[in-house]
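Work through the exercises below with the sequence and the structure side by side. Try each task before reading its solution.

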Amino acid sequence: MRGREDEWTGLMRSAMAGDDAAYHRLLKAVTPVLRAAARRGLARAGQSPDQAEDIVQEILLAVHLKRHTWDSEAPFAPWLFAIGRNKLIDMLRRRGRRIFVNIDDFAETLPGEVPQETASAGEVASQLNTLPQRQRDVLQSIAVESTSIKDTAAKYSMSEGAVRVALHRGLAALTAKLRDH
Amino acid sequence: MDTDQLIRSLAADNAHRAPRVGAVLTMALLVAAPLSILIFATFLGVRHDVMTAMHNPFFDMKFAVTLSLAIPAIIVSLHLSRPEALLRGWGWLLLLPVGLLAVAISSEAMMAPAMPMTMRLMGKNSRVCLFAIPAMSLPLLAGALFGLRHGAPSHPALAGALAGLVSAGLAATLYASHCTDDSPLFVATWYTLATALVTAIGAAVGAKVLRY
């Protein structure tokens, strides 16, 4: 457990220093752990585990948009799990559930419980459709079609800088819509 | 969108760098401060006998109290803007102004006061104080909330209350240079009431706007 968390901290340090591949690996590595914890938290609240993926995606977006609040001298896992708990509680509250989140839901996940898989979630997908055209195009191109920033820029006759701005604004707008809807 | 696709888009955005919360909070307070100073300059102004007042330790003490509220409140609010942060171990910083006031009240009591206690407590400016501190706080409160929105506080109402303490502490610092009531009893009563009001507003607004 300690080894895994130290590895995350190392990856996040590299990511913050500009290593995009390390960042990608980190997000892939934490996702199954978050998914298992979200399922457990939902089960504890008597909710269907179907919504786990929505929570996972909200956590990932929050991690991304708030990563400047992580202190690179501190371990990464407590910061990550705090965001995870926050998003789980938020989701349950929106569903009008009384909250009984065990604070260890996120910290106690064992490696055996974390199958590698990917899953779709409804909320991000449906909010995506409400974004301005340009942000939606760029997000679709980079996320769904796996096109690079450079090729996306060529495809829509935009500068790379404009693609980066649209991508970031799209992610921020998506997060705000998920939070407020 | 499946989760792998979302992760791909996040990784593609890794180059985006956001400023630290402290930098955004500082900027927001600097933008808001002129508005509060404008309110101060228009309706209040520095008291006329300020040069003499500066030799009165109880006049100076007012600034020590208000700044010992504002500065620790800034430090604690920045700490709490991290999702995993707890108030535990930091909350005592917010007791600094309380301690200072206690010391000031007892030293005033040990000296031979010029006025009876009720007169010192009620002062001449209690109503102005109750109105002026919240009024000058509002621009600063908006700035503090804007700055803290850049963070990720686990308890938005608490973070909002801290924003209230920051803005009330700064507004009270301005107000202290106007007010001719220097007794720590006056400060402990009326400044505290005004601060409590601003803190409650901060908590209520923060609960809504500081969710991330």
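Predicted model: local features only at pLDDT ≥ 70, side-chain atom pairs only at ≥ 80, totals over all residues.

**Exercise 1: the fold of chain A**

Task: describe the secondary structure of chain A.

Solution: chain A contains 8 helices and 0 strands, where helices (H or I, at least four residues) and strands (E, at least two) are DSSP runs numbered from the N terminus. Read from the N terminus on, the order of its elements is α-α-α-α-α-α-α-α. Residues are numbered from 1 along each chain as its sequence is written, while chains are lettered from A and ligands numbered from 1 in the order in which they are written.

**Exercise 2: helix α2 of chain A**

Task: find where α2(A) is kinked, and what follows this helix.

Solution: begin with the extent of the helix, which covers residues 20–44 of chain A. Next, locate the kink of about 30° at Thr31(A), shortly before the proline Pro32(A); the bend is the angle between axes fitted to the seven residues ending at a residue and the seven starting there. Finally, look past the helix to Gly46(A), whose phi is positive, near 75°.

**Exercise 3: helix α1 of chain B**

Task: is α1(B) mostly covered or uncovered?

Solution: helix α1(B), residues 3–12, is mostly covered, with 9 of its 10 residues buried, that is, with 20 or more other C-beta atoms, placed from the backbone, within 10 Å of their own. Among them are Leu6(B), Ile7(B) and Leu10(B). The buried residues pack against several helices of chain A, including α2, α3 (52–65) and α8 (160–180).

Definitions and conventions:
Expected span 1.5 Å × (residues − 1). Buried ≥ 20, exposed ≤ 12 C-beta atoms within 10 Å, placed from the backbone. Contact = placed C-beta atoms within 7 Å.
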